[in-house]
Amino acid sequence: MRLKNLPSEFQEALPILEKIKTAGYEAYFVGGSVRDALLNRPIHDVDIATSSYPEETKRIFHRTVDVGIEHGTVLVLENGGEYEVTTFRTEDVYVDYRRPKSVSFVRSLEEDLKRRDFTVNAFALDEEGTVIDKFGGLEDLKHHILRAVGVAAERFNEDALRIMRGFRFAASLDFTIEEETFKAMTEHAPLLEKISVERSFIEFDKLLMAPFWRKGLSALMTSQAQDYLPHMRHSHGKLQSFLDDTEQSFRFSTSEQAWALLIIKLGLDNPRAFLKSWKTSSQFQKDVEKIVAIYYFRLTNNLDKPELYRYGKYLVKQAEELRQSQGLSVDFTRIDELDQDLTIHDKHDIVVNGGMLIKELGMKPGPEMGAILKAVEEAIVLGNLANDKAAIFEFVAEQAD
Ligand code: ATP
Ligand code: MG
């Protein structure tokens, strides 16, 4: 099989392949970019695999960066682009179902392709556009099937992250997981407890953000994999209502929004603990918590300026979209209007600060002044006080009386 029109991303990277070949080694495009090109999907990061060892690769190019030399990866900087060039490798002994104890560099492309997770991720593409397909990936691609390379049970036993990747690819590609592969994913799901939470998070997050997230989540639930993910044991029923209650065509606009709805649907009363156990960043935790808080507030209240000021339009809109996804009434115009009516969006927008109160009104720093500044902020947000120096000074004088 030959790709007639080599996408521009590959064209631009051709000189890299050619240089490696001129030096006497093999080089191919590999991984997700080849799969996506065959599916006519947009390509991101073009990965290159080669028979040259890292030290040899570094001698071929002027500018390289050691980004993961122990795994055989050298970053090549060429023609304004950056390319990850990785030596063909095998992964011998797996420890703790996580990572191989060591990788061995090899000269054979086939050995390298064998260690890849799914047949549609195990293509190589040469400089002429010929697709090398050792495991029936083209046939699987045609039928939209996700199938493990080799003996499925062994592959998931080696690296349980592949189970999460399987659900994620079902969600992003709209592929059906082949029966044996699915059976092995189900059987090995308990091993998910052994892999790093950060890696599981990345895959679960990609799943939720994917166009066919319902498909990926349904497959995950059928395998009962949720029982082995942080804080999700026995959540099958709740995840089912997540699917049932959410509008069929709904897609999440941000990760924060996706995790907020997950928390709401799981009925968790401590979002922070949940997000911590997934080892997410504190900024992520804060934003997700805010979306959840706005969502619950909105169940019994109308939005007003203080909420817009406190949470910001961006997060308020995300919560409103979640209402829409649950078939609840929405009012996006009101959000825009309230936001436009706000004369300040942050306390730093206030034209008067503590220093000025000390200098110009002779006030003393301390809790009392803090309370007065808070009152100024509130009055401005509510529209009861202009963000104007004279008006604020007058207001402060009244408060201090
Ligand atoms: P994406 O489009 O999301 O980047 P991808 O297929 O490129 O998808 P990557 O995580 O970037 O996925 O990995 C690149 C390639 O490396 C995969 O296509 C696959 O061949 C291989 N790979 C990655 N992770 C694993 C793994 N855990 N086990 C086996 N092979 C893997
Ligand atoms: Mg990739």
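Helices here are DSSP runs of H or I with at least four residues, numbered from the N terminus.

Before we look around, a word on the model. This is a predicted model in which local features need pLDDT of at least 70 and side-chain atom pairs count only at pLDDT 80 or more, while totals for chains, interfaces and linings use all residues. Residues are numbered from 1 along each chain as its sequence is written, chains are lettered from A and ligands numbered from 1 in the order written, and side-chain values use heavy atoms, leaving out hydrogens and water.

**Helix pairs**

Let's start with H18 (residues 354–361) and H20 (residues 389–400), whose axes come within 12 Å and cross at roughly 75°. H18 and H20 are therefore roughly perpendicular to each other. In contact terms (heavy atoms within 4.5 Å), Met356, Leu357, Glu360 and Leu361 of H18 meet Lys389, Phe393 and Val396 of H20. By class, this contact has 5 nonpolar, no polar and 2 charged residues. For these classes, Ala, Val, Leu, Ile, Met, Phe, Trp, Tyr, Cys and Pro count as nonpolar, Asp, Glu, Lys and Arg as charged, and the others, Gly among them, as polar.

Next come H9 (residues 197–209) and H10 (residues 213–222), packed at about 130° with axes 7 Å apart. That angle makes H9 oblique to H10. Phe204, Leu207 and Leu208 of H9 touch Trp213, Gly216, Leu217 and Leu220 of H10, giving 6 nonpolar, 1 polar and no charged residues.

H16 (residues 313–325) and H17 (residues 332–341) pack at about 170°, their axes 10 Å apart, which means that H16 is roughly antiparallel to H17. Among the residues in this contact are Lys313 and Glu320 of H16 and Phe332 and Asp336 of H17. The contact of H16 with H17 has 3 nonpolar, 1 polar and 6 charged residues.

**Around ligand 1**

Ligand 1 has 15 residues around it (a heavy atom within 4 Å). Arg35, Asn121, Arg162, Arg165 and Arg168 come nearest. The table lists polar contacts, meaning pairs of N or O atoms within 3.5 Å.

| Side chain | Ligand 1 atom | Distance |
|---|---|---|
| Arg116 | oxygen | 3.0 Å |
| Asp159 | nitrogen | 2.9 Å |
| Arg168 | oxygen | 2.6 Å |

Note on methods: Axes fitted to C-alpha atoms, helices over the stretch in contact; angles between N-to-C directions. Helix = DSSP H or I, 4+ residues; strand = E, 2+ residues; numbered from the N terminus. Parallel < 35°, antiparallel > 145°, perpendicular 65-115°, else oblique. Polar contact = N/O pair within 3.5 Å; in protein donor to acceptor, adjacent residues only side chain to side chain.
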